[in-house]
Amino acid sequence: MAISPSLDKLTDDQTEALDDASLLVISARRDAAAVLRRAGLEWDDDDDFFGSRCRKCPCREFDGNGRVCGRSSCRHSASQHAS
Ligand SMILES: [Zn+2]
Ligand SMILES: [Zn+2]
């Protein structure tokens with residue numbers, strides 16, 4: 001995902017918007033994964049098509065519904081998990 005202006009120059013409002021948008025993506029992926037699991041479908045853990053992997057650490061799935069991942073080893077923002 002390419003966002004302009006570059007991520008380290010965002011205003012606070014833009015950062016909030018990015019994290020809010022990221023949470024929508026993450027929750028949509030969770031819903032999609034739940035639909036497939038209910039249908040008895042499983043997929044390879046290495047295939048993160050329906051996951052929300054962190055771009056900054058090995059965290060495999062965004063934890064919680066806040067702007068920051070709840071996993072103590074991660075704590076990266078939702079936007080890092082939405083790509
Ligand atoms: Zn995480
Ligand atoms: Zn992380």
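This is a predicted model: local features need pLDDT of at least 70, side-chain atom pairs count only at pLDDT 80 or more; totals for chains, interfaces and linings use all residues.
View 1. The protein chain has 2 helices and 0 strands. Those helices are α1, covering 12–38, and α2, covering 78–81, with a loop running between them. Buried residues come to 17% of the 83 residues in the chain.

**View 2. The largest nonpolar core.** As a bit of background, nonpolar side chains tend to be buried together in soluble globular proteins.

View 3. Set aside the neighbours within four places in sequence, and Cys-54 is in contact with Cys-59, Cys-69, Cys-74, His-76, Gln-80 and His-81.

**View 4. Gln-80 in helix α2.** Gln-80 counts as buried because 22 C-beta neighbours lie inside 10 Å, and the cut-off for that label is 20 or more. Skipping residues up to four places away in sequence, Gln-80 touches Cys-54, Arg-55 and Lys-56. Cys-69 is 11 residues away from Gln-80 in sequence, and their C-alpha atoms are 9.3 Å apart in space.

**View 5. Arg-75 in the loop between α1 and α2.** The backbone is the thing to look at here: phi of Arg-75 is near 60°, a positive value in a residue that isn't glycine. Arg-75 has 15 C-beta neighbours inside 10 Å, so it counts as partly exposed.

How values were computed. Residues are numbered from 1 along each chain as its sequence is written. Chains are lettered from A and ligands numbered from 1 in the order in which they are written. Helices (H or I, at least four residues) and strands (E, at least two) are DSSP runs, numbered from the N terminus. A residue is buried if 20 or more other C-beta atoms lie within 10 Å of its own, exposed if 12 or fewer, and partly exposed in between; C-beta atoms are placed from the backbone. A nonpolar core is a set of buried Ala, Val, Leu, Ile, Met, Phe, Trp, Tyr and Cys residues joined through C-beta atoms within 7 Å. Two residues are in contact if their C-beta atoms, placed from the backbone, lie within 7 Å.
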